[in-house]
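Visitor: I would like to learn how to read the features of a model. Could you take me through them in order?

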Amino acid sequence: MMLDIRDLRVSLPTERGLLNAVRGVDLQIARGQTLCLVGESGCGKSLTATSIMGLLTRQAQITTDRFEMAGQDLTRKPAAGLARMRGRDVAMIFQDPTSALNPTLTVGRQLTEGVMRSEKLSRRAAEARAVEMLERVGISNPAARLAQYPHGFSGGQRQRIMIASALMGRPKLLIADEPTTALDVTIQAQILQLLGELQADLGLSILLITHDLGVVAAIADDVAVMYAGRIVERAPARDLFVRPRHPYTRGLLAAIPVPGVTPRGSALPAIPGRVPGLIGTLRGCAFRDRCAQAAPDCAADPVPRHGIGAGRFVECVNPEEAST
Ligand SMILES: Nc1ncnc2c1ncn2[C@@H]1O[C@H](COP(=O)(O)OP(=O)(O)OP(=O)(O)O)[C@@H](O)[C@H]1O
């Protein structure tokens with residue numbers, strides 16, 4: 001298992017009280033597997049990712065029952081362990097390459113600094129690796145481009161440079177938070193294809209956060225659907241598209257066209273209502289106010305989790321039967 005997290009909880013103090021943004025998340029990612037984490041804005045996807053990276057603000061309160069990554073047990077001392085692993089065993093790419101790359105430093109400098117420090121590589125060796133990684137992500141003439149600044153590259157190229165930068169420490173797990181959202185559609189497809197190739201070539205495990213189910217269909221092995229700080233359904237991607245069990249997953253699928261899955265021209269009903277506030281304790285199913293199938297049982301706490309075969313579960317009082 002590349003990543004095994006049990007009962008991750010993240011709370012943030014706010015003026016209105018404690019915001020329980022991540023409320024008991026379990027996440028397992030196998031070696032070489034791509035897991036997509038999907039859900040509406042504000043459901044805790046980014047906080048989950050940043051806690052796995054150990055990059056949350058200091059005010060955040062994080063607890064977990066188990067936290068293992070790349071063969072290391074980080075449960076007891078996550079901060080110290082993650083500081084060691086970050087940029088090496090695990091690396092992250094962000095939504096907006098423009099803000100993540102420093103405009104005043106050459107690409108070569110930005111790519112090499114981390115590994116010169118962490119692996120004590122000479123400048124020459126680090127530059128050779130930077131050239132290798134830029135080549136891998138499809139930047140032409142990489143040796144000459146090390147001397148250039150980020151503004152000399154297009155948006156899509158800058159995202160490729162970000163990915164090259166994440167690969168510099170030869171990570172085993174790559175966390176990508178909405179890596180294609182800021183890009184236009186053609187470039188998005190190219191970046192996704194690149195991630196898929198990297199995954200196959202390097203045996204990377206990828207945790208990809210997206211609200212775009214088109215992205216999921218293109219790249220995911222498995223999908224975890226997050227709602228109000230919990231994973232409410234997890235399934236292999238194909239199964240999830242064909243047989244969504246949680247009413248929320250059904251709503252998401254109905255609200256977003258998926259190329260090759262949603263018939264062209266079909267109506268796309270949005271999910272009525274809004275995500276509940278996460279200040280204070282939330283009991284029972286957090287989706288029940290928006291759920292067409294809600295019943296009195298749905299207030300029961302905790303919400304029952306049904307396992308449906310290997311790697312599949314749904315957390316719902318009355319999950320949908322398979323629609324065969
Ligand atoms: N530093 C912070 N302080 C206070 N609240 C925060 C902070 N960061 C995030 N939140 C809140 O925590 C909740 C979860 O945020 P998070 O960014 O993880 O959601 P998300 O699912 O990634 O959404 P998006 O797709 O919009 O990024 C939201 O209600 C958000 O407003």
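This is a predicted model: local features need pLDDT of at least 70, side-chain atom pairs count only at pLDDT 80 or more; totals for chains, interfaces and linings use all residues.

Guide: Residues are numbered from 1 along each chain as its sequence is written.

Visitor: Which residues does the annotation "domain: ABC transporter" cover?

Guide: UniProt positions are given in the numbering used here, feature names are shortened, and annotations may be inferred rather than shown by experiment. In the UniProt record, an unreviewed entry, "domain: ABC transporter" covers residues 3-253. That span is 41% helix and 26% strand, and its end C-alpha atoms lie 27 Å apart. Helices (H or I, at least four residues) and strands (E, at least two) are DSSP runs, numbered from the N terminus.

Visitor: Which residues come nearest to the ligand?

Guide: A residue is near a molecule or strand if its C-beta atom, placed from the backbone, lies within 6 Å of it. Here 15 residues are around the ligand, and Ala21, Ser41, Lys45, Ser46 and Leu47 come nearest. Strand 1 (3-14), strand 2 (17-29) and helix 1 (45-53) each supply at least two residues of the shell. The largest share, three residues, comes from helix 1.

Visitor: Which strands pair with strand 1, and in what sense?

Guide: Two strands pair if DSSP finds at least two bridges between them. Strand 1 pairs with strand 2 in the antiparallel sense over ten bridges, and Leu3 stands opposite Ile29 there. These two strands form a hairpin with two residues between them. Strand 1 also pairs in the antiparallel sense with strand 5 (residues 66-69) over four bridges, where Ile5 has Phe67 as its bridge partner. With strand 4 (residues 61-63) the antiparallel pairing of strand 1 has three bridges, and Arg9 is partnered by Thr63.

Visitor: Is strand 8 mostly covered or uncovered?

Guide: A residue is buried if 20 or more other C-beta atoms lie within 10 Å of its own, exposed if 12 or fewer, and partly exposed in between, with C-beta atoms placed from the backbone. Strand 8 (residues 173-177) is mostly covered, with five of its five residues buried. Leu173, Ile175 and Asp177 point one way, while Leu174 and Ala176 point the other way.

Visitor: Which strands run parallel to strand 8?

Guide: Strand 7 (residues 90-93) is joined to strand 8 by four bridges and runs parallel to it; Met92 stands opposite Ile175. Strand 9 (residues 205-209) pairs with strand 8 in the parallel sense over five bridges. From strand 8 the chain passes through helix 8 (residues 185-202) to strand 9 in a right-handed β-α-β crossover. Right-handed means that, with the strands pointing away from the viewer, the path from the first strand over the helix to the second runs clockwise.

Visitor: Why does Leu101 count as buried?

Guide: Leu101 counts as buried because it has 20 C-beta neighbours inside 10 Å. Leu101 is in the loop between helix 3 (97-100) and helix 4 (107-118). Two residues are in contact if their C-beta atoms, placed from the backbone, lie within 7 Å. Leaving aside neighbours within four places in sequence, Leu101 is in contact with Gln110, Pro150, Arg158, Ile161 and Met162.

Visitor: What do the buried residues of helix 4 pack against?

Guide: They pack against helix 5 (123-136), helix 6 (142-145) and helix 7 (155-167). In helix 4, Val107, Gly108, Gln110, Leu111 and Thr112 are buried.
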